[in-house]
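Me: Got a model here that I'd like to go through with you. Can we start with the aromatic side chains?

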Amino acid sequence: MGEPLRAQAREWFDRGDRDLDSATLLFDQHGHLDSVTYHVQQALEKHLKGYLVLRGERPPRVHDLDTLLGRVADFEPDLYDPYIELCERATRYYLEDRYPPGPPPDYDRDEVAADLQSTRQLISALQERAET
C-alpha cells in the first residue's frame, strides 16, 4: 500500500483518536453520557473509514456503522460478529438518540462503559491489522 494512502488513513485515525480521547475524558469526568456516546460513534466511524482508505477503498459518505463494518469485514471477516451489536448501538447513538423531539437520552453508565471498552478493542484490532 502506498504512502499517500497511509497518510490519508493516518488523518482518519488521528481524528478518531481525538474522539476516543474526548469520550474517555467526558466519561471519566462524569460528563453527559449522550456526549460520550456521540464521540464513541465518531471514533468508530473515523477508524472504520480510515481502515477502508488504507485498503484502497473509498469510504461511503454514511454515518451507519453497520454498513462500514460490513465493508471492513470484506477484508477482515472475523471482526464482524464480535462488533456488529456495538456498531448498531453506536449508530443509534448518533442517528436516533441525538436530536429532538424529547429530552436527551438517559443512558446507563455501565452500558456506556462497556461500549467504550468495546470501542477501544475494535479500534485496537483495526490498528494492528493496518500495520500488517
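Me: So is Tyr-51 buried or exposed?

Reply: Tyr-51 is buried, at a relative accessible area of 0%; buried is under 20%, exposed over 50%, and partly exposed in between, with a 1.4 Å probe and protein chains only. Keep in mind this is a predicted model: local features need pLDDT of at least 70, side-chain atom pairs count only at pLDDT 80 or more, and totals for chains, interfaces and linings use all residues. Numbering runs from 1 along each chain as its sequence is written, and side-chain values use heavy atoms, with hydrogens and water left out.

Me: How many aromatic pairs turn up in the whole structure?

Reply: Three, where Phe, Tyr and Trp (six-membered ring) pair if their centres lie within 6.5 Å, and planes under 30 degrees apart are stacked, over 60 edge-to-face, the rest tilted. One of them is Tyr-51 with Phe-75, edge-to-face at 6.4 Å between centres and 65 degrees between planes.

Me: Which parts does that pair tie together?

Reply: Tyr-51 is in helix α2 and Phe-75 in the loop between α3 (65-73) and α4 (80-95), so parts 24 residues apart in sequence are tied together. Helices here are DSSP runs (H or I, at least four residues), numbered from the N terminus. Phe-75 is partly exposed, at 33%.

Me: What about Tyr-93 and Tyr-107?

Reply: Also an edge-to-face pair, 4.9 Å centre to centre with 70 degrees between the planes. Both Tyr-93 and Tyr-107 are buried.

Me: Switching topic, what sits over the ring of Phe-27?

Reply: The charged end of Arg-109, 3.8 Å from the ring centre; the cut-offs are NZ of Lys or CZ of Arg within 6 Å of the centre and within 35 degrees of the ring normal.

How values were computed:
Helix = DSSP H or I, 4+ residues; strand = E, 2+ residues; numbered from the N terminus.
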